[in-house]
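Me: I have just opened this model and would like a friendly tour. Could you take me through it, one question at a time?

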Amino acid sequence: LRLFFSMIDEKSNHEPECMRGEPKMDVSNEREKLQQIRHRFISVLAQNIGLYGISETNGRLYGTILFSNKPMTLDDMSKALGMSKTSMSTGVRALSEADMVTRVWEKGNRKDLYETEDDWYKSFISVFINRWREGTDKNKHAATRAKEALEMLLDETNDEDLIEEIKQDIDKLEGALHYYEWLDEVIHLFESGDIFKLIPKK
């Protein structure tokens with residue numbers, strides 16, 4: 001017996017250093033760290049997503065869907081964010097209109113499932129075009145009408161001081177119209193996809 005136990009002791013003494021005292025992997029702790037990293041990113045994303053015309057709440061919803069390992073139902077979203085199913089439905093509609101999430105189908109599942117749009121470029125272009133095209137068209141129309149009204153007033157008045165002011169205003173509006181024409185060309189680059197010829201996708 002002494003010989004047997006001495007052999008066991010000798011074997012344990014030759015155990016590789018890497019095996020001695022090696023801490024066991026704490027999976028729960030590491031998963032918690034993963035969730036913290038995701039949460040930090042989602043928080044910053046939600047705070048800045050207003051640039052896309054999306055609310056902070058819907059930004060958090062987007063981040064939640066983004067990091068989900070599988071498509072989510074409205075019930076899944078409601079449970080994850082602690083908000084009503086109605087709010088999730090409204091949020092998903094806004095994100096869908098911005099081409100940021102898409103509806104997918106899963107065999108055997110009758111509920112609507114959603115996942116984020118993989119093409120971030122597509123999402124940006126959709127939001128960029130919709131927001132900038134509308135704003136540019138409205139501003140250009142207003143500038144054109146104001147310029148026409150000033151030109152009519154210029155023909156009617158004989159007041160030299162007023163004439164000078166009107167001419168200065170017309171010059172300013174012409175500068176604005178030149179800018180809007182340039183912006184139209186920029187928007188067209190995105191609409192046509194030619195922007196990627198100048199700046200390729202990464």
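**How H2 meets H3**

Reply: Gladly! Helix H2 (residues 27-48) packs against helix H3 (residues 56-66) at an angle of about 140 degrees, and their axes are 8 Å apart. Please keep in mind that this is a predicted model.

Me: Is the crossing of H2 and H3 left-handed or right-handed?

Reply: Two packed helices are described by the angle between their axes and the distance between the axes. For the crossing itself, the way H2 passes H3 is right-handed.

Me: How many residues of the contact of H2 with H3 are charged?

Reply: On the H2 side, the contact includes His39, Phe41 and Ile42, while H3 brings residues including Glu56, Arg60 and Tyr62. Six residues of this contact are nonpolar and six are polar, and the charged ones number two.

**The largest pocket**

Me: Which helix gives the most to the lining of the largest pocket?

Reply: This pocket has a volume of about 370 Å³. Of its 16 lining residues, the closest to the centre are Gln35, Thr64, Phe67, Ser68 and Ala80. At least two lining residues come from each of H2, H3 and helix H4 (74-81). With four residues, the helix that gives the most is H2.

Me: And how many residues of that lining are charged?

Reply: The lining of the largest pocket has six nonpolar residues and six polar ones. The charged residues there number four.

**Aromatic pairs**

Me: Why is the pair of Phe124 and Phe128 stacked?

Reply: A search of the whole structure turns up nine aromatic pairs. Phe124 and Phe128 both sit in helix H6 (residues 120-156), four residues apart, about one turn of the helix. Their ring centres are 5.6 Å apart. Planes under 30 degrees apart count as stacked, so this pair qualifies because its planes are at 25 degrees.

Conventions
Residues are numbered from 1 along each chain as its sequence is written. This is a predicted model: local features need pLDDT of at least 70, side-chain atom pairs count only at pLDDT 80 or more; totals for chains, interfaces and linings use all residues. Side-chain values use heavy atoms; hydrogens and water are left out. Axes are lines fitted to C-alpha atoms, for helices over the stretch in contact, and angles run from 0 to 180 degrees between N-to-C directions. A crossing is left-handed if the near helix is turned anticlockwise from the far one by less than a right angle, and right-handed if clockwise. Contact means heavy atoms within 4.5 Å. Ala, Val, Leu, Ile, Met, Phe, Trp, Tyr, Cys and Pro count as nonpolar, Asp, Glu, Lys and Arg as charged, and the others, Gly among them, as polar. On a 1 Å grid over the protein atoms alone, a cavity is a set of points where a 1.4 Å probe fits but cannot get out, and a pocket is an open set with protein on both sides within 12 Å along at least five of seven lines; lining residues have an atom within 4 Å of a point. Grid points are joined across faces, edges and corners, and a volume is the space filled by probe spheres set on the points. Rings of Phe, Tyr and Trp (its six-membered ring) pair if their centres lie within 6.5 Å; planes under 30 degrees apart count as stacked, over 60 as edge-to-face and the rest as tilted.
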